[in-house]
Amino acid sequence: MAVDELDTRILRLLLEQPRTSVREYARMLGVARGTLQARLDRLERDGVITGTGPSLSPAALGHPVLAFVHIEVTQGHLDEVGDALAAVPEIIEAFSITGGGDLLTRVVARDNAHLEDVIQALISMPGVVRTRTEVALRERVPHRVLPLVESIGRAARS
């Protein structure tokens with residue numbers, strides 16, 4: 001899907017001021033409200049905009065420990081293990097990967113003992129061969145998309 005300069009300006013506003021109304025976005029961008037709404041609808045339909053809810057902090061919710069757990073899966077059991085991972089509330093993301101392991105999960109926990117309990121639960125899942133855990137010490141670059149949007153906007157102007 002091609003994203004043009006107006007799309008990138010809209011996306012920037014959504015990221016920087018997520019609680020602003022569509023009417024106010026249109027005023028700020030100098031476009032008609034209908035134009036803005038049509039663009040938003042297209043961006044959602046094309047999968048560029050994937051959510052509108054708030055970002056929540058697991059740490060503020062009492063789960064300050066963050067770990068990345070690599071999971072090696074018995075051949076042919078990737079889907080079953082993936083389905084089982086979805087039932088573990090402390091797993092906040094899981095990806096199929098290449099390299100060392102078959103799945104990479106982002107896991108949060110109350111403390112190190114809780115993290116160990118979660119890992120033990122993962123190890124006991126049918127189809128899981130082994131895990132390897134890396135505990136995050138400090139976030140250096142928070143999840144972000146705005147620099148990418150700005151880069152795409154610069155390219156669209158060229």
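What covers the buried residues of α5? The cover includes β1 (65–73), α4 (78–85), β2 (91–96), β3 (103–109) and β4 (128–135), with contact meaning heavy atoms within 4.5 Å. This is a predicted model: local features need pLDDT of at least 70, side-chain atom pairs count only at pLDDT 80 or more, and totals for chains, interfaces and linings use all residues. Residues are numbered from 1 along each chain as its sequence is written, and side-chain values use heavy atoms, with hydrogens and water left out.

**Helix α5**

- Helix α5 spans residues 112–123, 12 residues in total. Helices are DSSP runs of H or I, at least four residues; strands are runs of E, at least two; both are numbered from the N terminus.
- From first C-alpha to last, α5 reaches 16 Å, close to the 16 Å expected at 1.5 Å a residue. The expected span is 1.5 Å times one less than the number of residues.
- H114, L115, V118, I119 and L122 are buried in α5 (under 20% relative accessible area, 1.4 Å probe, protein chains only).
- These residues cover an arc of only 140° around the axis, which puts them on the same side of α5. The arc is that of the directions from the helix axis to the C-beta atoms.

**Strand β3 and its partners**

- Five of the seven residues of β3 are buried, so β3 is largely enclosed by the rest of the structure.
- β1 and β3 run antiparallel, joined by seven bridges. Pairing requires at least two DSSP bridges between two strands.
- A67 stands opposite V107 in β3.
- β2 also pairs with β3 in the antiparallel sense, over five bridges. Here E93 stands opposite R106 in β3.

Definitions and conventions: Buried means under 20% relative accessible area, exposed over 50%, partly exposed in between (1.4 Å probe, protein chains only).
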